[in-house]
Amino acid sequence: MTDKIGDDDKRAINSLPMAVLNAIQNPVILVDEKGFVVFANWEAEAFFGASANYLSRHDINAFIPFGSPLLTLIEQVRERRAAVNEYRVDLSSPRLGADKLVDLYVAPVLSEPGSVVVVFQERSMADKIDRQLTHRAAARSVTGLASMLAHEIKNPLSGIRGAAQLLETSVNDEDRALTRLICDETDRIVSLVDRMEVFSDERPVDRHPVNIHSVLDHVKAVAKAGFARKIRITENYDPSLPPVYANRDQLIQVFLNLIKNAAEAVADRPDGEILLTTAYRPGIRLSVAGTREKISLPLEFCVHDNGPGVPADLLPHLFDPFITTKTNGSGLGLALVAKIIGGHGGIVECDSQSTRTTFRVLMPASKGPTAEDSDLPTTIKGQSR
């Protein structure tokens with residue numbers, strides 16, 4: 001005897017495709033043979049800034065820039081009845097906003113002649129991953145350079161310095177100043193090499209569950225006691241964040257570097273301010289260095305400042321070694337930040353405008369309890385300490 005499917009079962013079956021499409025993190029729309037948007041998932045509603053009901057009453061032309069390649073792709077798919085991919089399509093417009101660069105997947109719906117499905121992949125996240133891989137490659141190049149410098153330069157420098165010290169005992173006062181200069185410059189080069197040797201440390205990172213708010217509070221205390229004593233530092237923390245799976249000392253090093261950069265950027269402004277924020281941002285997965293495992297990076301930690309911003313031509317190379325805007329800077333600080341965060345399987349990014357700069361760190365959450373459970377965050381979200 002065959003069981004009959006009840007009305008409730010039919011409704012559940014019919015609603016399942018809708019639930020699946022709404023669970024997809026990319027905007028998905030269905031365009032019928034007349035060009036109307038007859039379906040849009042939740043991400044598409046957010047992408048176009050309109051409800052699915054509103055979208056269904058309008059032609060696709062009403063929502064994308066005039067002459068957009070998307071229209072040509074839709075026509076190609078209808079004619080060929082085959083899927084098409086197109087990368088880095090610019091959909092920027094007053095309606096959709098600036099910098100709307102997307103990858104497109106357009107496919108025919110064979111059961112509905114003339115209808116096509118369009119899937120949008122915003123380039124911001126793809127570019128972020130690409131740039132992170134570039135940062136890791138840059139860190140590896142510095143690693144090789146640091147090892148070479150340590151072995152091939154420090155030894156002869158030691159001989160040069162020893163020879164200058166011997167000469168110093170047998171020359172007149174005028175020449176002694178030159179031998180002193182040789183020693184000082186040799187010591188300066190050795191100091192630079194010592195700073196770079198940290199890049200050649202390829203040992204596995206010793207990681208544990210860490211309370212990020214404890215780290216940020218510690219870094220803030222250090223900053224307020226020294227280089228940022230005259231600068232206002234505020235917080236906007238999410239107190240419900242799980243622990244981050246990281247090395248506490250290395251996180252302190254990262255955020256000291258980022259906050260010091262922010263302090264230097266706002267030092268000349270009477271209204272200079274640094275804002276520290278934490279948030280939960282699910283949706284991105286990345287491979288962990290040294291493993292085949294892909295992990296989620298839902299924890300977002302940001303350092304914002306209202307300084308003059310980073311020059312646009314420098315921004316793509318900001319985490320490369322020897323890139324700096326400081327007169328006496330070595331350009332190794334942010335390269336080290338990229339190396340540490342990359343070693344944790346995370347991402348570090350910089351977004352900068354004329355009056356706002358944000359350094360954003362995305363990292364994996366820990367599955368275990370933090371060793372600092374008793375050190376709960378004392379800052380209420382949205383409230384300055």
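The backbone oxygen of H344 lies 3.1 Å from a polar atom of the R207 side chain. The model is predicted, with local features requiring pLDDT of at least 70 and side-chain atom pairs counted only at pLDDT 80 or more, while totals for chains, interfaces and linings use all residues. Residues are numbered from 1 along each chain as its sequence is written, and side-chain values use heavy atoms, leaving out hydrogens and water.

**Exercise 1.** Locate R207 and state whether R207 is buried or exposed.

*Solution.* First, R207 is placed in the loop between α7 (173–196) and β6. Second, its relative accessible area is 18%, and buried means under 20%, exposed over 50% and partly exposed in between, with a 1.4 Å probe and protein chains only; R207 is therefore buried.

**Exercise 2.** Compare the span of α8 with the expected span.

*Solution.* Helix α8 (residues 212–225) has 14 residues. The expected span is 1.5 Å times one less than the number of residues, which gives 20 Å, and α8 reaches 20 Å from its first C-alpha to its last, close to that expectation.

**Exercise 3.** Describe how α8 packs against α9.

*Solution.* Begin with the axes, which are lines fitted to C-alpha atoms over the stretch in contact, with angles from 0 to 180 degrees between N-to-C directions: α8 and α9 pack at about 50°, with their axes 9 Å apart. That makes α8 oblique to α9, since angles under 35 degrees count as roughly parallel, over 145 as roughly antiparallel, 65 to 115 as roughly perpendicular and the rest as oblique.

How values were computed: Helices (H or I, at least four residues) and strands (E, at least two) are DSSP runs, numbered from the N terminus. A polar contact is a pair of N or O atoms within 3.5 Å; within protein, one must be able to donate a hydrogen and the other to accept it, and residues adjacent in sequence count only if both atoms are side-chain atoms.
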